[in-house]
Amino acid sequence: MKETNFNPLTLAQRDHRTIWHPDTQMLTEPLPIPMVKGKDALLFAEDGTSYIDGISSWWVNIHGHAHPYIAQKIAAQAQTLEHCIFAGLTHRPAIELAERLLEILPSAQSKIFFSDNGSTAVEVGLKMAIQYWFNQGIHKNKILAFRHGYHGDTFGSMSVSARSVFTMAFEKYLFEVDYIDIPVPDGVGGGICNSPDGCTGEMPDETYYENVKKKINSGEYAAFIFEPLILGAGGMRMYLPAALERLIKICRDNEILIITDEVMTGFGRTGKRFAMEYLQVQPDIICLSKGLTGGTMALGVTSCNAKIYDAFLSTDKLKTFLHGHSFTANPIACTAALASLDLFIESSCMENVTRVIEQQAHFIKQIKNHAAIKNARQTGTVTAFEIITPGEDSYMNNIRYYLSEFFLKHHIVLRPLGNTIYILPPYCISNNELKNIYDVIISLLENVTTLSFGGRE
Ligand SMILES: Cc1ncc(COP(=O)(O)O)c(C=O)c1O
C-alpha cells in the first residue's frame, strides 16, 4: 500500500482546514487535540500526553478505550460478514444481540428494532408510538416531554427536546410538544441515588401531580417520552424513581404510551443495569445507544412490548412500520455490542460500577458545602454541581469555555454544560484517576473567586 505523503502541517492544522466539529464554534474555539491511542480510561495525544476521559467520550464508553476483547471480536466479524441489507436478510450477530437484550431489559419488552445512534433510536420510538395509534384509527396528536429534556439532534428528537439554544434556529420546523417540569421541588434535583437500592431526595408536592393530571386528561396525548432519573444535556438534572413511577402511572391511567430514553442511562450508568429497574412500572418502548457497544461503534436500538408490535401486524400493508436505515443492524456494530454485553454481565463490571459510585459519593460529600458551588448531586456513577457565577445557570454561561480549557490543561477531559460540572467516567477508571479529577476540581474551586473566566464572550 502507498505510504502517506509527508505533510508539513500538524494534524490539528489539517483538521482545521477540512473538518467542521460538532457543538463547536469553529471561529473562536481552540484547535482540537489529536488523539492517537486509547487504553482503559485514558486517551493519548499525538505528543504522548495522556488525558483522563472523565465523561466517557460523550457518555458512550463503559469498559475503557480500545478494549482488546471487543477489538478482537470486531476484527473477526469484519473479516466474516461486514454488512448486508437487513430487509429480507438477517444474520447471527443481530439475532443473538436481540435475544440477549430482551433477556436483560426490564420485563415485558418483546421486539428489538435496530438503527444507528441515540437520535435515531428516539426517532424510531416516537414513530412507533405515533403509528401505534394511527394504525388503530385513534386520533392522538400530542406528545408529553420534560421541559429540560434532551433526546438528540435530528428533527423528531429535537422536537421532543427542550426548546433551547440547540433548537432555536429550527423552532418553526419542529412538531408541537407539551412540556412538564421534572418531578423535583427546585427544578434541578438535589437527589442522591448512590446505592443500588437507596435513593434519597425530595419528592414534588401534590400540586405537581394534580397539574399534570389536568394537562393530560384531554385524551390527546400519544406518548410521554423522558430520560429516566437524569436529564443529561439539559444540565444533569436528577429526580427520584418514586416520583417518576407516580408520573408513569398517571400517564397509563390516561392511555398514554411510555417511551423511556435510556440512551445515556442504560448499561449501568445509574447503578442498576437500566434506570427503569428502580421502578415497579415498566415502559412500552425503550431507546438505547451509547453504552450499547461499550462505546466502540455507532448503534441504536429501540425495543417495544407486544402491545406496540401487534398493532403493526396486518394484512393491510399500510400498517407496516416503513422505517429503515442503510446500516440497520450492522453486523460489526452488533458484534461489538455482543462483546460489550459479555463484559457487562461479568461480575467485575457491576463491582466497578459500585466502586465508582462510592468514590463519587465521597467526593460529593466532600464538596457539597463549598462556597463556590451549589446543588451537588449524584445518581449512580454520575455526579454534578453548579459553579456559582454572576451569569445564569445555563449551557451558554461563558465559564464553560474557561472550564473545558482548564481541565484539558490538567490533562482531564471534562466538558461542562455551561456552569454545570459533571463527572461521568468509564467504569474501569481507577480510584487514583478519579482522585486526580477530584483534586483538580478542588483546586479550581479554591481559586474560583480569583480566576478570570477567560473573558470570552
Ligand atoms: C438521553 C439522550 N438521548 C438521545 C441522545 C442522542 O444520541 P446521539 O448523540 O447518539 O444521537 C443523547 C445524546 O447525548 C442523549 O443523552
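A: D53 stands opposite V413 in strand β17, and two bridges join strand β3 (residues 50-53) to β17, the two running parallel. Here strands are DSSP runs of E with at least two residues, and helices are runs of H or I with at least four, both numbered from the N terminus; two strands pair if DSSP finds at least two bridges between them. This is a predicted model, in which local features need pLDDT of at least 70 and side-chain atom pairs count only at pLDDT 80 or more, while totals for chains, interfaces and linings use all residues. Residues are numbered from 1 along each chain as its sequence is written.

The pairing of β3 with β17 belongs to an open sheet of four strands, in the order β1-β2-β3-β17, with mixed pairing. Its edge strands are β1 (35-39) and β17 (412-413), each of which pairs on one side only. Strands of a sheet pair through backbone hydrogen bonds, either parallel or antiparallel.

An antiparallel case is found elsewhere, where six bridges join β4 to strand β14 (residues 300-305), and K111 stands opposite C304 in β14. Because five of the seven residues of strand β4 (residues 109-115) are buried, β4 is largely enclosed by the rest of the structure. A residue is buried if 20 or more other C-beta atoms lie within 10 Å of its own, exposed if 12 or fewer do, and partly exposed in between, with C-beta atoms placed from the backbone.
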